[in-house]
Amino acid sequence: MATLELQGLRKSFGETEVLRRIDLTLADGEMLVIVGASGCGKSTLLRLVAGLESPTEGRILLDGTDVAARDPAERDIAMVFQNYALYPHMTVFDNMAYGLRIRGLSRDAIRQRVDEAAGLLGLGELLQRKPRQLSGGQRQRVAMGRAIVREPKLFLFDEPLSNLDAKLRVQMRAEIRRLQRRLGVTSLYVTHDQVEAMTLGDRLLVLHNGHPAQLATPIEVFEQPADTYVAGFIGAPAMNFLDATLTESGRAARLAVGPVLRFPDGPRPGPEGRRLTIGIRPEHLALAAQGLPLAVELVEPLGSESLIHGHLQGGVPLVVKHPGHAPGGETVQVALLPEHMHVFDHETGRRLPPIGAETGAPRLVAAGSDQ
Amino acid sequence: MDRRTIFGGQLLPALLVLPQLVLTLFFFYWPAAEAVWSSMTTTDPFGQGSVFVGLENFAELFSDPLYLQAILRTVGFCLAVSVLAMAVALLLAVFADREIRGRAIYRTLLIWPYAVAPALSAVLFLFLLNPQVGLIGRWLNRHGIPWDYHLDGGQALLMVVLASAWKQVSYNFIFYLAGLQSIPRAVVEAARMDGARGWRRFRTITLPLLAPTTFFLLVVNLVYAAFDTFGTIYAITKGGPGQATETLVIKVYRDGMINQDIGGSSAQSVVLMLGVIVVTAVQFRFMGRRTSA
C-alpha cells in the first residue's frame, strides 16, 4: 500500500512523442482508471510505472521515493497483463509462488499466502493444473492471484478483461473492484472500455494522443467533460455536437440549425458571434410535438429504449435515445433540453463554463499541460 | 491449409513418384540390401569369392574390444559435439535476440557457416590449429604449450569436436533464435515484474520454454555428430592418431575400404543403420506428438 506520484512524465519513441506530460497523484488505496482510445499512450504510461519502459523525462514517486531508474524487480509492483502472461510450464500454484520464491520466503509462508489467495479467488481446486487446462476466466483469476500473493505496493492492470466474453467480463469487473477495495491496494487500471472506466475507478484519467484530457471522478467526467474529446468518448451512444454562435450578450447560443437556446446556468464570455460547439447527449433529447425536424435513417431497438439515428437540416447527424419504442415515420420532431447542454469553444474544443464559475469547472490536469 | 491435389488414374501418379522411387531404390535399398547380404559373408584373402557365415560377423564385432571402444568414443564424441554446438548457439541466440543496432547483420553472419562444406571447415581449423602453420597452433607451441594433434590423441579429439561443433552452431542458432522469439514477451515481462532477473529468469522461464526446441535439436545434433562428421574428421585426422578420433563411421570406412574386411565393415553399417532407424523413430514419435498436441 502506497501513494504514487507522477511528475512531468514524458515518453518518446524516437521522434514520436507518446506521452506528453503527465502529472498525477494517487492517494493510498485509490483506484485510478486510465482510459482512452487505442494508441493514446495509456499502456505506455502503465509500462513506465511498471518499469518495463524507462521515461524520457520525469519522475515516478512511489511512497515518496523516485523509482524511475529502478529495475521492475526493485519496485515492488504487481501487474496483471491483458493476455494473462501465465508461465505455461508451471502449475497454478507455482505461477503464484514464483514471485514469492524469488523474494526468498519460507516454504510455509509461501503455501499459506498462495492458499489464502486461492481461497479468495476460488482457485483452491485448480492449484495443480497447468494454465492450458484452465478456462479464460480461471486464467484471469490466476493472473490476479499472482498479483495478490505478492502483497505489492501497487497493482497495475493492463486491460485485464478484454480477452473475456461479455458475461464473464461483467462478473470479473465487479470481482476486481471488490478485491481492490478489500485489499486496499493502490491501483492503476488501463482500459479502453468506458463502462469499465466508469464503474471501476475512484477517478478517471482520460488520455488523448498522449495528452491528459481530464482527470476527475467518473461522474464529473460524465457531467462536466473538459473538452469535446472527453465528451464524445465517455457515454454511449456518444454525445451529439452542434455548431453554434454566441448571442444575446453571451446569454444564449444560436444553433446553426436554427433555434436559439438560452444558457440556464449563466452567460458565457466572449464577443457576440463567438463560435461554439454545443454538446447534448442522446438521452437528453426528447421527441416532441414541435421541435427540430429529424430525418430518420436508422432505428435501433434495444428493448427498453430505442436509438434513433438521423440528420437535421443541412445534414448534421444526430442520435436520440428514446425510452420505449420509436414511432414510425420518416421524420420526427426533436426537442433539446437546455439544462443538459454542454458548451465548448469551437476552436479549442475546451469546455466553456459560465462567467464567474471557472473555479467550479472540473479539476483539470496541471495547468500548462495544454500549451 | 489442406491444399491436397488428387490426381486421377493410375499412370500419372505412378510417373510422378517414379523418380523418387528409382533414386531410393538405387541409392538406398540396393546398397542397404547389399550391406545386409555381405554382413553375413566372409571374403577370402584374395577376393576371389565369399562364403555365407550367418551372424558370425556380428558375434565377432561385439566381442571385439576395439569395436566396443569405438562405440564409447562415438557416444562421447556425439555428446561433446551436441552439447558444445547447442550451448554456443543458445548463447549467441540470446545475444542476437536483444534489441541491438544492426542485429539483422549479426544474424545473417551467424548463419553463414552452415553453408560451408565439411572439408572446408576442416581446412579452416587446420589453418588455425596446425602446429607448423596454424595461427593458434604456432602460438601455443611458442608459449611453451606442446600442441600437436598428430601425436596427442586428446588434442586430436578436441580439435575434431571443435571443428564439427562449429559447423552445427549456425543450424542450432537459427532454431534457438526462432524459439526465443516465440516466447511471449508478456511472459518474460511478468517474470520481470515478479522480480526475476538475469540467470535466474533465464533458468526458470526461458530455458523451460525452450525445452521442445532443445529436444528437437538434441536429436538432430546427435544424428549429425554420429553420421555427418565423416568429412570433417577424415580431412583433419583420418581417425588417428591411433584410433583416437575413430568414430563408428570412420571405422566402417577404414575397415571396409582400407583393410578390405568387407564382411565386418558391412556388419558395422548394419548396426549403424539400426541405430539410425531407432533414433528416427524416436524423433518421429516426438514430432508427431508435438503437432497433434
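**View 1. Where chain A meets chain B.** Chain A puts 18 residues into this contact and chain B puts in 14; two residues count as touching when their C-beta atoms, placed from the backbone, lie within 7 Å. Helices (H or I, at least four residues) and strands (E, at least two) are DSSP runs, numbered from the N terminus. Sorted by class, that side of chain A has 13 nonpolar, three polar and two charged residues. Here Ala, Val, Leu, Ile, Met, Phe, Trp, Tyr, Cys and Pro are nonpolar, Asp, Glu, Lys and Arg are charged, and the others, Gly among them, are polar.

A word on the model: it is predicted, so local features need pLDDT of at least 70 and side-chain atom pairs count only at pLDDT 80 or more, while totals for chains, interfaces and linings use all residues. Residues are numbered from 1 along each chain as its sequence is written, and chains are lettered from A and ligands numbered from 1 in the order in which they are written.

**View 2. Strand 6 of chain A, covered on both faces.** A:Ile77 and A:Met79 sit on one side, A:Ala78 and A:Val80 on the other, and all four are buried. Buried means 20 or more other C-beta atoms within 10 Å of a residue's own, exposed means 12 or fewer, and partly exposed is in between, with C-beta atoms placed from the backbone. In a regular strand, side chains alternate between the two faces of the sheet. Strand 6 of chain A runs parallel to strand 7 (residues 154–158) of chain A, with four bridges between them; pairing takes at least two DSSP bridges. Look for A:Ile77 and its bridge partner in strand 7, A:Leu154.

**View 3. Helix 1 of chain A, tucked inside.** Eight of the nine residues of this helix (residues 42–50) are buried, so the rest of the structure largely encloses it. Among them are A:Lys42, A:Leu45 and A:Val49. Just past the helix, A:Gly51 takes a positive phi of about 100°.

**View 4. The two domains of chain A.** Domain 1 covers 4–228 and domain 2 covers 236–360, with bounds from an automatic or database domain assignment. Their centres, taken over C-alpha atoms, are 38 Å apart. Six residues of domain 1 and nine of domain 2 make the contact. The domain 1 side has two nonpolar, three polar and one charged residue.
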